[in-house]
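Colleague: Can you walk me through this model? I'm new to reading structures.
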Amino acid sequence: MGRFILQMLVVIEMICINTLTTEKCCTLKKSKPLTAAVLILWSFLVIFSVLLLIQALGIYGNGNGLFVLFGFLYLIPFTWLFEESLDHILTVVCTSWIYTMFCFSISVNFAKMFDEAYFEIIALTLQSLIYLITVRRFWRLVQDKFLYILHHTSAETYRSLRSLSISWFLTAVMVNFSLVMQAGGVFNFLIMIILLVNSYRTYILLYDTVRNYETVGSLQKLAMRDALTELGNRNSLLIELDRRLHEESAFFLLFMDLDRFKEINDTYGHLQGDQYLKLFSEELSRLFGGSENIYRISGDEFIYLGQLSDKTEILERLAVYEWPLFKKRKLKFLGVSYGCADYPQDACRYEELLNKADAQMYAMKESRQIER
């Protein structure tokens, strides 16, 4: 009788860990007292029914762990007690059973090394110790990372994760059964096949993850780039300004506005105007030694962020630059007006820097009698 009680405590301990894990990963649809009552009654019903079945089959009490296969019966009350979908609950349940199954298997196989009379007490003691040491970390992992994956992944990756969870659960059961029962031949062959399938599914999951990551990265890159010129856009500029202001490193902001650009659009059309803008952006990249730190913030307005120590040289080069690409294309360059603002001498906020540089640029236009 004592051995039977110890065997039941091992099973009950696993059931408690699994139900608590599911509760932590799902949203209750019923009250906590009702949920607890339903799960307790269901556990008694499952344990009693399964115990009768596996005892009749003669496969209970040796640590083979086949009783955990009946853990799927908990999906019945779980779908009634929790708001999440069956897919979500199934994935969580399998993940939890993988953890408890491995804890059980370690305990059972360790206990097998000692006298059979102490098998149950050693298995229960070691299993309880493993839970005591690891369960909080496991719950933190599930709540902080596993749930994040479930809530933020694509449907395709979600399906891959669900399949992998089920497959690893079955693998854990079969590996434990093989070790305890010393099964061989066809059974070990099946285990190798399942491990091969798991490896394949793992690579598929990694592929889905990397592909989704690249997709997100591409979208983020597009969100920071001007579609026409491929320079940084206003969002990209504000992020870079925020970074520089946070680091408190000296720099200057060069605000440039094309002269008489409206004439280009009115005379030759917007398509030619777009070509004019693209050519100007290429000229700026040649002038400033690359497109980094050059931004198109609106139709014909551009920003360059440079080191304060290079300001004089940059302005001198800009003043005498001959715009060779325009000459090569036999296009007349109508000019550009510009203004500067220095950080931190002129302003300490990016709005003030932009306003000051814009005011200087507008003053240059007025001095040259060019309409803005």
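Modeller: We'll take salt bridges, then a strand, a helix and a surface patch.

Modeller: This is a predicted model: local features need pLDDT of at least 70, side-chain atom pairs count only at pLDDT 80 or more, and totals for chains, interfaces and linings use all residues. Residues are numbered from 1 along each chain as its sequence is written, and side-chain values use heavy atoms, with hydrogens and water left out.

Colleague: OK. How many salt bridges are there?

Modeller: The count is 13. A salt bridge here is a side-chain nitrogen of Lys or Arg within 4 Å of a carboxyl oxygen of Asp or Glu.

Colleague: Why do such side chains pair at all?

Modeller: Side chains of opposite charge can pair when their charged atoms come close.

Colleague: Which residue does Asp-87 pair with?

Modeller: Arg-162, with the closest N and O atoms 2.8 Å apart. This pair links distant parts of the chain: Asp-87 is in helix H4 (residues 86-111) and Arg-162 is in helix H6 (residues 155-181), 75 residues apart. Helices (H or I, at least four residues) and strands (E, at least two) are DSSP runs, numbered from the N terminus.

Colleague: Is Arg-162 buried or exposed?

Modeller: Arg-162 is buried, at a relative accessible area of 18%. Asp-87 is partly exposed, at 31%. Buried means under 20% relative accessible area, exposed over 50%, and partly exposed in between (1.4 Å probe, protein chains only).

Colleague: What about Lys-365? Which residue does it bridge to?

Modeller: Asp-259, and their closest N and O atoms are 2.7 Å apart. Again distant parts of the chain are linked: Lys-365 sits in helix H13 (residues 350-367), Asp-259 in the loop between strand S1 (251-258) and helix H9 (261-268), 106 residues apart. Lys-365 is buried at 0% relative accessibility. Asp-259 is buried at 0% too.

Colleague: And where does Asp-226 come in?

Modeller: Asp-226 meets Arg-296 in a salt bridge, 3.2 Å from N to O. Asp-226 is in the loop between helix H7 (186-223) and helix H8 (234-247), and Arg-296 is in strand S2 (residues 294-296), 70 residues apart. Both are buried.

Colleague: Which residues form a network?

Modeller: Glu-240, Arg-243, Arg-244 and Glu-247 are linked in a network of salt bridges.

Colleague: New topic. How many residues of strand S4 are buried?

Modeller: 8 of the 8 residues of S4 (residues 336-343) are buried, so the strand is largely enclosed by the rest of the structure. Val-336, Tyr-338, Cys-340 and Asp-342 point one way; Ser-337, Gly-339, Ala-341 and Tyr-343 point the other way.

Colleague: In what sense does S4 pair with S1?

Modeller: Antiparallel, over 8 bridges. Two strands pair if DSSP finds at least two bridges between them. Phe-252 has Asp-342 in S4 as its bridge partner.

Colleague: Now helix H11. Which residues are buried there?

Modeller: In H11 (residues 311-320), Lys-311, Ile-314 and Leu-318 are buried. They cover an arc of only 65 degrees around the axis, which puts them on the same side of H11. The arc is that of the directions from the helix axis to the C-beta atoms.
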